[in-house]
Amino acid sequence: TCMVSMQMYAFFDDDQYRHTEKLLERFQRPDRAGQTPWQSFQIAFIDFKEKGENANADGIHAAQERRYFSCLIDPGCAREGLRRKPRLTVELPGFPILGDGKGDNQNHAII
């Protein structure tokens, strides 16, 4: 199994989503007899949602505009348009600084 961190996946344009789909399709393992298909390529990315009504009760800092999540997709995840619906989602404790080459933010994939 190979996992990569595409922290900007949630912000991709249509062409970038299509390229990502090619990767997911290319790196599938065949079914094993009687078992669920093995997914050999996984993508971790950071997604977000608006804070919502319960932000204060949930302890979200007043200056934080959104809630951020570490998400995992693989070829077995359902599609929502060109994007995949995450198999796993874990809320992050604060605002990640997104961009290329920031290794500290890529550590969210360890979750």
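Predicted model: local features only at pLDDT ≥ 70, side-chain atom pairs only at ≥ 80, totals over all residues.
Residues are numbered from 1 along each chain as its sequence is written, and side-chain values use heavy atoms, leaving out hydrogens and water.

**Whole chain.** Colour by secondary structure. The protein chain has two helices and six strands. Their order from the N terminus is β-α-β-β-β-β-β-α. These elements are DSSP runs, numbered from the N terminus: helices are H or I with at least four residues, strands E with at least two.

**Strand S2.** Select residues 41-50. Seven of the 10 residues in S2 are buried. S2 pairs with S1 in the parallel sense over four bridges; pairing requires that DSSP finds at least two bridges between two strands. Find Val 4, which stands opposite Ile 43 in S2.

**Aromatic pairs.** Show the rings next. The whole structure holds five aromatic pairs. Rings of Phe, Tyr and Trp (its six-membered ring) pair if their centres lie within 6.5 Å; planes under 30 degrees apart count as stacked, over 60 as edge-to-face and the rest as tilted.

Select Tyr 9 and Tyr 17. Their ring centres are 5.1 Å apart and their planes stand at 85°, so the pair is edge-to-face. Both Tyr 9 and Tyr 17 are buried.

Move to Phe 11 and Phe 48. Their ring centres lie 5.5 Å apart with planes at 15°, so this pair is stacked. Phe 11 sits in the loop between strand S1 (2-5) and helix H1 (14-26), while Phe 48 is in S2, 37 residues apart. Phe 11 is partly exposed at 38% relative accessibility. Phe 48 is partly exposed at 23%.

**Charges over rings.** Arg 66 lies over the face of Phe 48, 4.1 Å from the ring centre. Such a charge has NZ of Lys or CZ of Arg within 6 Å of the ring centre and within 35 degrees of the ring normal. Finish at Phe 69: Lys 49 lies over its face, at 5.4 Å from the ring centre.

Technical notes
Buried < 20%, exposed > 50% of the residue type's maximum accessible area, 1.4 Å probe, protein only.
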